[in-house]
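The following paragraphs guide the reader through a protein structure, step by step. Please keep the sequence and the model in view while reading.

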Amino acid sequence: MSDTFVTVAAWLAVAAIAVSAVVFGQGARAPTRAPRDARAARNRRIGTALSISGPVVVVLLAFAVAMMTGAWLVGAVVAFAAVGVVALAGLALSPH
């Protein structure tokens, strides 16, 4: 396999996990019940925003850094991991 094929496959995997994280985050939009206090409401709003827009922001930042540095494969691996971390952080803040 050529390096180009591996790099393209890695970025396609990043796109797949980002799309799945955004679709999964869409479920955090509709609250099941009202929050108990202001802090819970704030955490839910942050978690919802993080789970919906966070993966897209991570992919765009990783793509820009990879474009500037030329480290495309490393950028894809870091982006893959970062999208997972951001999605899990959004889930932890808005767990429904």
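The model shown here is a predicted one. Is Ala-41 buried or exposed? Its relative accessibility is 17%, and because buried means under 20% relative accessible area, Ala-41 counts as buried. Along the chain, Ala-41 and Ser-94 are 53 residues apart, yet a distance of 9.3 Å separates their C-alpha atoms.

A second residue of helix α2 is Leu-50. With a relative accessibility of 28%, Leu-50 counts as partly exposed. Between Leu-50 and Leu-91 there are 41 residues of separation in sequence, while their C-alpha atoms are 8.6 Å apart in space. When neighbours within four places in sequence are left aside, the residues in contact with Leu-50 are Pro-55, Val-86, Ala-89, Gly-90 and Leu-93.

The arrangement of the helices may be considered next. Helix α2 covers residues 38-69 and helix α3 covers residues 72-93; their axes come within 8 Å and cross at roughly 175 degrees. Angles over 145 degrees count as roughly antiparallel, and therefore α2 is roughly antiparallel to α3. Which classes of residue make up the contact of α2 with α3? There are 16 nonpolar, 6 polar and 1 charged residues in this contact.

Apart from neighbours within four places in sequence, Thr-7 is in contact with Trp-72 and Leu-73.

A pair of aromatic rings is described by the distance of the centres and the angle of the planes. In this model the count comes to 3 aromatic pairs. One of them is formed by Trp-11 and Phe-63, with 5.6 Å from centre to centre and 85 degrees between the planes, an edge-to-face pair. Because Trp-11 lies in helix α1 (residues 3-26) and Phe-63 in helix α2, the pair ties together parts that are 52 residues apart in sequence. Trp-11 is buried, with a relative accessible area of 13%, whereas Phe-63 counts as partly exposed at 38% relative accessibility.

Trp-11 also pairs with Trp-72: the ring centres are 6.1 Å apart and the planes stand at 70 degrees, so this pair is edge-to-face. Here too distant parts of the chain are linked, since Trp-11 is in helix α1 and Trp-72 in helix α3, 61 residues apart. Trp-72 has a relative accessibility of 29% and counts as partly exposed. Through ring pairs, Trp-11, Phe-63 and Trp-72 are linked into a cluster.

In soluble globular proteins, nonpolar side chains tend to be buried together. How many residues does the largest nonpolar core of this model have? This core has 14 residues, and those with the most contacts inside it are Trp-11, Val-14, Val-59, Ala-76 and Val-83. Two or more residues of the core are given by each of the elements α1, α2 and α3. Val-14 provides an example of the contacts concerned: leaving aside neighbours within four places in sequence, Val-14 is in contact with Val-59, Ala-76, Ala-79 and Phe-80.

Key: Residues are numbered from 1 along each chain as its sequence is written. This is a predicted model: local features need pLDDT of at least 70, side-chain atom pairs count only at pLDDT 80 or more; totals for chains, interfaces and linings use all residues. Side-chain values use heavy atoms; hydrogens and water are left out. Axes are lines fitted to C-alpha atoms, for helices over the stretch in contact, and angles run from 0 to 180 degrees between N-to-C directions. Helices (H or I, at least four residues) and strands (E, at least two) are DSSP runs, numbered from the N terminus. Angles under 35 degrees count as roughly parallel, over 145 as roughly antiparallel, 65 to 115 as roughly perpendicular and the rest as oblique. Ala, Val, Leu, Ile, Met, Phe, Trp, Tyr, Cys and Pro count as nonpolar, Asp, Glu, Lys and Arg as charged, and the others, Gly among them, as polar. Rings of Phe, Tyr and Trp (its six-membered ring) pair if their centres lie within 6.5 Å; planes under 30 degrees apart count as stacked, over 60 as edge-to-face and the rest as tilted. Buried means under 20% relative accessible area, exposed over 50%, partly exposed in between (1.4 Å probe, protein chains only). A nonpolar core is a set of buried Ala, Val, Leu, Ile, Met, Phe, Trp, Tyr and Cys residues joined through side-chain atoms within 4.5 Å. Contact means heavy atoms within 4.5 Å.
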